[in-house]
Amino acid sequence: MSTRIAFLKGHGTENDFVIVPDPENAIDLPPAAVAALCDRRAGIGGDGLLHVVRSAAHPEAEGMAAEAEWFMDYRNGDGSIAEMCGNGVRVFARYLQRAGHVTEGDLAVATRGGVKTVHLAKNGDVTVGMGRAVLPDGDVTVSVGERSWPARNVNMGNPHAVAFVDDLEHAGDLLSPPPFSPAAAYPDGVNVEFVVDRGPGHVALRVHERGSGETRSCGTGACAVAVAAARRDGADPTASGTPVTYTVDVPGGRLVITERPDGEIEMTGPAVIVAEGEIDADWLEAAASV
């Protein structure tokens with residue numbers, strides 16, 4: 001292993017990530033190493049880590065290599081593996097553009113949630129095809145302290161519980177995962193969104209992301225919220241044939257979510273690379289052994 005390992009830092013609506021370019025999948029990144037890199041005091045700091053690998057070089061992605069050259073090997077801030085991260089895909093695509101691997105226009109990115117289509121616009125925005133939402137049957141409840149709310153179960157390749165509340169402060173500090181029931185609804189944990197209305201087709205949220213705590217933004221969460229809000233408002237593009245768009249304010253900015261008549265969901269927002277540098281390999285090896 002070289003004595004230095006390249007990294008970059010980026011964010012999408014302040015959902016921030018450590019980016020580790022590793023085209024040939026040569027860098028060992030066990031959960032302890034990822035958690036150390038994402039530590040905001042002792043590491044670089046981030047809500048998660050984007051491990052940039054060629055699909056053909058990763059055993060989980062080689063089957064997608066014919067469709068997408070690059071695989072987003074995404075990790076939560078605690079080192080655990082996640083299926084998808086909407087803001088992360090935008091930042092991942094921005095890195096590929098910065099590194100000269102892609103240019104403005106369309107590209108495909110492999111993720112554990114499948115291959116995602118991405119469009120890099122000239123104005124700097126990035127649009128991601130997030131796939132279709134799945135709405136599992138069954139009632140779900142989430143709680144904070146003595147308050148509890150019914151929640152909409154929405155799966156965007158990862159699980160979400162969407163609760164509409166009167167005040168975002170009712171979500172509490174979101175340091176620990178909000179309790180939910182029934183437990184069988186989310187056997188691997190869940191991202192919980194608390195949502196208020198801002199106007200027609202306009203909502204705002206706070207989110208607890210499993211494995212990361214409260215984050216400044218959650219792309220899949222914004223998509224889940226838009227779908228839940230549309231159904232609550234009596235809109236279903238797959239039934240009406242008319243697309244539905246919601247503006248979703250997150251603590252770190254604004255995302256625009258469109259659900260098309262074919263059920264596909266598109267998310268548009270910014271993606272920024274803010275820094276690049278080198279990781280000390282000896283430090284990373286020591287962190288990985290903890």
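**Cavities, a helix and a buried aspartate**

Mentor: By the rule used here, there are two cavities of 30 Å³ or more. This is a predicted model, in which local features need pLDDT of at least 70 and side-chain atom pairs count only at pLDDT 80 or more, while totals for chains, interfaces and linings use all residues. Residues are numbered from 1 along each chain as its sequence is written, and side-chain values use heavy atoms, with hydrogens and water left out.

Trainee: What makes a set of points a cavity?

Mentor: On a 1 Å grid over the protein atoms alone, a 1.4 Å probe fits at those points but cannot get out; lining residues have an atom within 4 Å of a point. The volume is the space filled by probe spheres set on the points, which are joined across faces, edges and corners. For the largest cavity that gives about 100 Å³. Its lining has 14 residues, and Asn76, Met84, Asn158, Asn191 and Glu209 are the closest to its centre. Two elements, β4 (70-76) and α3 (219-232), each give two or more residues to this lining.

Trainee: Which residues line the second largest cavity?

Mentor: Ala226, Val227, Ala230, Val244, Tyr246, Ile257 and Glu259 do. The space inside is about 30 Å³, and α3 supplies the largest share of the lining, three residues.

Trainee: Why is α3 called largely enclosed?

Mentor: Buried means under 20% relative accessible area (1.4 Å probe, protein chains only). Since 13 of the 14 residues of α3 are buried, α3 is largely enclosed by the rest of the structure.

Trainee: How do you know that the span of α3 is close to the one expected?

Mentor: The expected span is 1.5 Å times one less than the number of residues. For the 14 residues of α3 that comes to 20 Å, and the helix reaches 20 Å from its first C-alpha to its last. Next comes Gly234, with a positive phi near 85 degrees.

Trainee: Is Asp73 buried or exposed?

Mentor: Asp73 has 0% relative accessibility, so it counts as buried. Asp73 lies in strand β4.

Trainee: What makes a pair of atoms a polar contact?

Mentor: They are N or O atoms within 3.5 Å; within protein, one must be able to donate a hydrogen and the other to accept it, and residues adjacent in sequence count only if both atoms are side-chain atoms. The side chain of Asp73 meets that of His51 at 2.7 Å and that of Arg112 at 2.6 Å, so both pairs lie within the 3.5 Å limit.

How values were computed
On a 1 Å grid over the protein atoms alone, a cavity is a set of points where a 1.4 Å probe fits but cannot get out, and a pocket is an open set with protein on both sides within 12 Å along at least five of seven lines; lining residues have an atom within 4 Å of a point. Helices (H or I, at least four residues) and strands (E, at least two) are DSSP runs, numbered from the N terminus. Buried means under 20% relative accessible area, exposed over 50%, partly exposed in between (1.4 Å probe, protein chains only).
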